[in-house]
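Please consult the sequence and the structure shown below while reading.

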Amino acid sequence: MTGRTEDVPVTRAERKRADRLARLERVAARVFAKHGYEGTNLDLIAAELDLRGASLYYYVSSKEELFLRCLRKSAADVSARLGAIAAAEPDPARRLRLLFREQVLIEVRDYPEYVPLFFKARVSVERLADAVLSLRREHARLFEETARELGTDRTKTRLCLEIAYGTLAYLPDWYDPEGGLGPGELADQLAGLLVEPFLAERD
């Protein structure tokens, strides 16, 4: 997640453990999303993996640690991908469209299990709730900075952003990957629709 050399699995055993941990995180994210943080325990997650709950302690020390790993794993990749777009595209209108497009792909193709943890999960543990809020703010920053560059009315820009965030939050709930639109087509069409109000305000 940090990109340091020591974080990259180098031996076969390390790669095998990393693969198992990645699967554990993805399954755990799906269970947290379905049952909520309070309604989830390690036994539920282990059952999805055909394991005993106690065996998960080989990988994580607690439910709290596992929830944080789910958050940070997805957030690290998302931040890197959106940050690369922000750094590479000088035109704010095109950049905003590309950011929305990438976000759609992230949600429906790459990390659909993780989206509810950021947008819908109710977490009573203060440390975890603070982590969710911090990651959400960091994620929103690139969209907000780009939107401000467009020079549109500040109040309406805020409203347009909130509408976009709401649309994206529920995207994995209704998108059917077996339907008529593939992820790339959906990303193209939805990105155009989400960026349009910002550009209309500028005209």
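Is Glu-145 buried, partly exposed or exposed? Glu-145 is partly exposed, because its relative accessible area is 32%; here buried means under 20% relative accessible area, exposed means over 50%, and partly exposed lies in between, with a 1.4 Å probe and protein chains only. The model is predicted, so that local features need pLDDT of at least 70 and side-chain atom pairs count only at pLDDT 80 or more, whereas totals for chains, interfaces and linings use all residues. Residues are numbered from 1 along each chain as its sequence is written, and side-chain values use heavy atoms, with hydrogens and water left out.

**Salt bridges**

- Side chains of opposite charge can pair when their charged atoms come close.
- The whole structure contains 15 salt bridges, a salt bridge being a side-chain nitrogen of Lys or Arg within 4 Å of a carboxyl oxygen of Asp or Glu.
- Glu-145 meets Arg-141 in one of these, with an N to O distance of 3.2 Å.
- Both Glu-145 and Arg-141 belong to helix 6, where they are four residues apart, about one turn of the helix; helices are DSSP runs (H or I, at least four residues) numbered from the N terminus.
- Arg-141 is partly exposed, with a relative accessible area of 32%.
- Salt bridges with shared partners join Asp-77, Arg-81, Glu-102, Arg-109 and Asp-110 into one network.
- Arg-81 is buried at a relative accessible area of 19%, and Glu-102 is buried at 17%.
- Another salt bridge links Arg-26 to Glu-113, and its closest N and O atoms are 2.9 Å apart.
- Arg-26 is in helix 1 (residues 12–35) and Glu-113 is in the loop between helix 4 and helix 5, so the pair ties together parts that are 87 residues apart in sequence.
- Arg-26 is partly exposed, with a relative accessible area of 30%, while Glu-113 counts as buried at 15% relative accessibility.

**Nonpolar core**

- In soluble globular proteins, nonpolar side chains tend to be buried together.
- The largest nonpolar core has 59 residues, of which Ile-45, Phe-67, Phe-100 and Leu-117 touch the most other members; such a core is a set of buried Ala, Val, Leu, Ile, Met, Phe, Trp, Tyr and Cys residues joined through side-chain atoms within 4.5 Å.
- Elements that give two or more residues to this core include helix 1, helix 2 (42–48), helix 7 (154–169) and helix 9 (183–202).
- Helix 3 makes the greatest contribution to this core, with nine residues.

**Pocket and cavity**

- The second largest pocket holds about 320 Å³ of space.
- Its lining comprises 20 residues, and those closest to the centre of the pocket are Ala-75, Val-78, Phe-118, Leu-135 and His-139.
- On a 1 Å grid over the protein atoms alone, a pocket is an open set of points with protein on both sides within 12 Å along at least five of seven lines, a cavity is a set of points where a 1.4 Å probe fits but cannot get out, and lining residues have an atom within 4 Å of a point.
- Grid points are joined across faces, edges and corners, and a volume is the space filled by probe spheres set on the points.
- Helix 3 (63–88), helix 4 (92–110), helix 5 (115–119) and helix 6 (126–149) each supply at least two residues of this pocket lining.
- The pocket lining has eleven nonpolar, five polar and four charged residues, where Ala, Val, Leu, Ile, Met, Phe, Trp, Tyr, Cys and Pro count as nonpolar, Asp, Glu, Lys and Arg as charged, and the others, Gly among them, as polar.
- There is one cavity of 30 Å³ or more.
- The largest cavity is lined by Phe-100, Phe-119, His-139, Phe-143, Tyr-165 and Leu-168.
- Five of these cavity-lining residues are nonpolar, one is polar and none is charged.

**Cysteines**

- The whole structure has zero disulfides, a disulfide being a pair of cysteine sulfur atoms within 2.5 Å.
- Cys-70 counts as buried at 0% relative accessibility, as does Cys-160 at 14%.
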